[in-house]
Amino acid sequence: MNNSNTKIYLAISGALIFLFILIIIIPFSKRTPTQDDQSNPTDQVFPTSVEINPTLSSGEQTESVPADFTGAIEEPIPQQIIDTSAQKRDLQEKIPLDLSLFSIDFDYDQDKFIVTLKDPKEQAQKEFDSWRTANYQGLEVNQFIIK
(Lines give C-alpha, C1' and ligand atoms only; values in the text may rest on other atoms or scores of the structure.)
Protein backbone atom coordinates (compact mmCIF):
# COMPACT_ATOMS: atom_id res chain seq x y z
CA MET A 1 0.00 0.00 0.00
CA ASN A 2 1.21 3.48 -0.77
CA ASN A 3 2.57 5.48 2.14
CA SER A 4 0.89 8.72 1.02
CA ASN A 5 -2.53 7.01 0.85
CA THR A 6 -2.10 5.69 4.39
CA LYS A 7 -1.37 9.20 5.67
CA ILE A 8 -4.50 10.54 3.94
CA TYR A 9 -6.67 7.78 5.41
CA LEU A 10 -5.25 8.35 8.90
CA ALA A 11 -5.79 12.11 8.60
CA ILE A 12 -9.40 11.69 7.46
CA SER A 13 -10.08 9.11 10.20
CA GLY A 14 -8.57 11.36 12.86
CA ALA A 15 -10.60 14.34 11.65
CA LEU A 16 -13.82 12.30 11.74
CA ILE A 17 -13.09 11.04 15.25
CA PHE A 18 -12.32 14.60 16.37
CA LEU A 19 -15.63 15.88 14.87
CA PHE A 20 -17.54 13.00 16.45
CA ILE A 21 -16.10 13.83 19.89
CA LEU A 22 -16.91 17.53 19.44
CA ILE A 23 -20.49 16.71 18.42
CA ILE A 24 -20.93 14.67 21.58
CA ILE A 25 -19.14 16.98 24.06
CA ILE A 26 -20.23 20.48 22.95
CA PRO A 27 -24.00 20.17 23.69
CA PHE A 28 -23.29 18.90 27.22
CA SER A 29 -20.65 21.50 28.00
CA LYS A 30 -22.89 24.46 27.06
CA ARG A 31 -25.65 23.45 29.46
CA THR A 32 -25.79 25.57 32.55
CA PRO A 33 -27.48 24.26 35.66
CA THR A 34 -30.91 25.86 35.84
CA GLN A 35 -33.58 25.64 38.46
CA ASP A 36 -36.74 23.75 37.61
CA ASP A 37 -39.29 25.94 35.90
CA GLN A 38 -41.77 26.37 38.71
CA SER A 39 -44.83 28.30 37.71
CA ASN A 40 -46.70 30.49 40.10
CA PRO A 41 -49.96 28.84 41.26
CA THR A 42 -51.87 32.00 40.36
CA ASP A 43 -50.76 31.61 36.73
CA GLN A 44 -52.53 28.27 36.34
CA VAL A 45 -55.92 28.05 34.66
CA PHE A 46 -58.44 26.12 36.70
CA PRO A 47 -60.79 23.76 34.88
CA THR A 48 -63.86 25.19 36.59
CA SER A 49 -63.15 28.80 35.72
CA VAL A 50 -62.79 30.84 32.58
CA GLU A 51 -60.16 33.57 32.38
CA ILE A 52 -61.67 36.82 31.17
CA ASN A 53 -58.62 39.11 31.37
CA PRO A 54 -55.09 38.08 30.38
CA THR A 55 -52.36 38.28 33.01
CA LEU A 56 -50.96 41.78 33.19
CA SER A 57 -47.21 42.39 33.25
CA SER A 58 -47.55 44.43 36.45
CA GLY A 59 -48.53 41.28 38.37
CA GLU A 60 -52.15 42.21 38.98
CA GLN A 61 -54.57 39.38 39.65
CA THR A 62 -56.94 38.39 36.88
CA GLU A 63 -60.62 37.83 37.34
CA SER A 64 -62.14 34.42 36.75
CA VAL A 65 -65.70 33.49 36.10
CA PRO A 66 -67.01 30.17 37.44
CA ALA A 67 -68.01 27.73 34.73
CA ASP A 68 -71.74 27.12 34.55
CA PHE A 69 -71.63 23.80 32.74
CA THR A 70 -69.22 21.04 33.74
CA GLY A 71 -70.43 18.46 31.26
CA ALA A 72 -71.98 16.17 33.86
CA ILE A 73 -75.53 15.02 33.40
CA GLU A 74 -77.47 15.88 36.50
CA GLU A 75 -79.98 13.12 37.05
CA PRO A 76 -82.40 13.20 39.95
CA ILE A 77 -81.65 10.52 42.55
CA PRO A 78 -84.70 8.46 43.52
CA GLN A 79 -85.98 9.15 47.02
CA GLN A 80 -85.74 5.47 47.95
CA ILE A 81 -81.96 5.50 47.38
CA ILE A 82 -81.61 8.70 49.41
CA ASP A 83 -83.61 7.19 52.30
CA THR A 84 -81.63 3.94 52.22
CA SER A 85 -78.28 5.73 52.25
CA ALA A 86 -79.43 8.00 55.10
CA GLN A 87 -80.46 4.97 57.18
CA LYS A 88 -77.18 3.21 56.40
CA ARG A 89 -75.17 6.27 57.44
CA ASP A 90 -77.26 6.63 60.60
CA LEU A 91 -76.60 3.03 61.60
CA GLN A 92 -72.89 3.35 60.77
CA GLU A 93 -72.65 6.30 63.16
CA LYS A 94 -74.07 4.14 65.98
CA ILE A 95 -71.63 1.27 65.39
CA PRO A 96 -70.56 -0.74 67.40
CA LEU A 97 -74.04 -1.44 68.65
CA ASP A 98 -74.46 -4.00 71.41
CA LEU A 99 -78.01 -5.02 72.27
CA SER A 100 -79.30 -7.75 74.58
CA LEU A 101 -79.49 -10.60 72.04
CA PHE A 102 -77.24 -9.39 69.19
CA SER A 103 -74.47 -6.97 68.36
CA ILE A 104 -73.83 -5.09 65.11
CA ASP A 105 -70.55 -3.94 63.58
CA PHE A 106 -69.61 -2.77 60.06
CA ASP A 107 -67.20 -4.43 57.61
CA TYR A 108 -65.83 -1.77 55.28
CA ASP A 109 -64.26 -4.33 52.93
CA GLN A 110 -67.61 -5.90 52.15
CA ASP A 111 -69.63 -2.72 52.77
CA LYS A 112 -72.06 -4.69 54.95
CA PHE A 113 -73.14 -4.83 58.56
CA ILE A 114 -71.97 -7.81 60.63
CA VAL A 115 -74.64 -9.11 63.04
CA THR A 116 -73.41 -11.43 65.78
CA LEU A 117 -76.29 -13.35 67.35
CA LYS A 118 -76.09 -14.41 71.00
CA ASP A 119 -77.64 -17.58 72.42
CA PRO A 120 -80.43 -18.62 71.89
CA LYS A 121 -79.90 -18.00 68.16
CA GLU A 122 -83.53 -18.46 67.02
CA GLN A 123 -84.82 -15.92 69.50
CA ALA A 124 -81.95 -13.55 68.68
CA GLN A 125 -82.73 -13.87 64.96
CA LYS A 126 -86.40 -13.00 65.55
CA GLU A 127 -85.40 -10.08 67.78
CA PHE A 128 -82.99 -8.77 65.14
CA ASP A 129 -85.59 -9.06 62.34
CA SER A 130 -88.18 -7.15 64.36
CA TRP A 131 -85.57 -4.52 65.37
CA ARG A 132 -84.47 -4.06 61.73
CA THR A 133 -88.02 -3.68 60.39
CA ALA A 134 -88.95 -1.27 63.19
CA ASN A 135 -85.86 0.97 62.95
CA TYR A 136 -84.22 0.47 59.55
CA GLN A 137 -86.88 -0.77 57.13
CA GLY A 138 -85.00 0.79 54.19
CA LEU A 139 -82.00 -1.51 54.71
CA GLU A 140 -82.51 -4.85 53.05
CA VAL A 141 -81.53 -8.19 54.58
CA ASN A 142 -78.65 -8.53 52.08
CA GLN A 143 -76.97 -5.52 53.77
CA PHE A 144 -76.43 -7.66 56.88
CA ILE A 145 -74.17 -10.67 57.38
CA ILE A 146 -75.52 -12.77 60.20
CA LYS A 147 -73.09 -14.85 62.24
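1. Let me start with Asp111, which is partly exposed at a relative accessible area of 38%. Keep in mind that this is a predicted model. The side chain of Asp111 meets that of Lys88 in a salt bridge, 2.8 Å from N to O.

2. Searching the whole structure turns up three salt bridges, so here are the others. Asp98 and Lys118 pair through their side chains, with 3.0 Å from N to O. Asp98 is in strand S3 (residues 97–98) and Lys118 in the loop between S5 and helix H3 (121–135), so the bridge ties together parts 20 residues apart in sequence.

3. On accessibility for that pair, Asp98 is exposed, with a relative accessible area of 55%. Lys118 comes out as partly exposed, at 32%.

4. Then there's Lys94 with Asp90, where the closest N and O atoms are 3.6 Å apart. Both residues are in helix H2, four residues apart, or about one turn of the helix. Lys94 is partly exposed with a relative accessible area of 43%, and Asp90 is also partly exposed, at 31% relative accessibility.

Key: Residues numbered from 1 in each chain as written. Predicted model: local features only at pLDDT ≥ 70, side-chain atom pairs only at ≥ 80, totals over all residues. Heavy atoms only, no water. Salt bridge = Lys/Arg side-chain N within 4 Å of Asp/Glu carboxyl O. Buried < 20%, exposed > 50% of the residue type's maximum accessible area, 1.4 Å probe, protein only. Helix = DSSP H or I, 4+ residues; strand = E, 2+ residues; numbered from the N terminus.
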